[in-house]
Amino acid sequence: MQIALVDYGAGNITSVRKAFVHLGATLEVPASPADLEGAAAVVVPGVGHFASTRTLTPEWHAAIRRGLDAGRPLLGICVGMQWLFQGSTEAPDCPGLGVIPGTCERLTGGVDRLKVPHVGWNTLRFPRATSLLDGLEQDSSVYFTHSFAGPVNGATAAVTEYGESFAAAVEDGLVMGVQFHPEKSGGAGLQILSNFLRRVAAGVALPRH
């Protein structure tokens with residue numbers, strides 16, 4: 001079961017790779033969009049500025065969308081999850097993949113003016129059952145480091161509060177994403193990655209909202 005780990009120069013590919021290898025997955029870094037054809041799933045990691053996703057050209061967009069149409073699960077991590085949305089106000093001229101509705105915006109810190117970026121452990125609340133977060137208890141803690149986040153909508157699988165509510169995870173059919181870093185989130189993070197691999201192995205597409 002080969003997982004395509006997309007490296008577009010956004011940072012945390014090594015730690016993500018180690019976490020997946022620990023769970024027994026085989027990963028390959030595709031050199032071009034055409035290399036996605038042989039993968040069982042695609043993972044798009046990332047840290048830093050949304051503009052880094054600009055290197056994911058329309059050819060990458062098209063190849064990843066073709067994979068979804070063919071039943072290939074997709075997981076976005078941190079900036080990789082933000083890229084699943086239509087875009088971000090951090091780089092308004094840089095389009096996202098657009099498979100999740102809405103635009104990512106900068107956290108405000110809320111009325112308490114909490115410090116942004118949001119860095120550290122925080123809890124998850126699950127508005128519905130999803131395969132990606134199966135087995136996790138309400139208020140499970142995971143590790144965040146980000147300034148921008150996606151809106152809470154019908155695709156939201158987990159919500160976190162940091163002065164305001166934001167989408168901490170999404171799942172819509174084969175499209176999944178987490179704003180936090182599962183590779184740095186201990187047992188809860190490994191459970192999430194294991195759940196993703198289980199979806200890949202099952203090869204079953206759930207209905208989209």
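Reader: What makes the pair between histidine 49 and serine 52 a polar contact?

Author: A polar contact is a pair of N or O atoms within 3.5 Å; within protein, one must be able to donate a hydrogen and the other to accept it, and residues adjacent in sequence count only if both atoms are side-chain atoms. Here the backbone oxygen of histidine 49 is 2.7 Å from a polar side-chain atom of serine 52, so the pair falls within 3.5 Å.

Reader: Which residues does serine 52 touch?

Author: Leaving out residues up to four places away in sequence, serine 52 touches Tyr8, Ala10, Val47 and Val79, where contact means heavy atoms within 4.5 Å.

Reader: How do you know that the length of α2 fits a helix?

Author: The expected span is 1.5 Å times one less than the number of residues. For the 12 residues of α2 that gives 16 Å, and the end C-alpha atoms are 16 Å apart, so the two agree.

Reader: What follows α2?

Author: Glycine 71, with a positive phi near 95 degrees.

Residues are numbered from 1 along each chain as its sequence is written, and side-chain values use heavy atoms, leaving out hydrogens and water. In this predicted model, local features need pLDDT of at least 70 and side-chain atom pairs count only at pLDDT 80 or more, while totals for chains, interfaces and linings use all residues.

Note on methods:
Helices (H or I, at least four residues) and strands (E, at least two) are DSSP runs, numbered from the N terminus.
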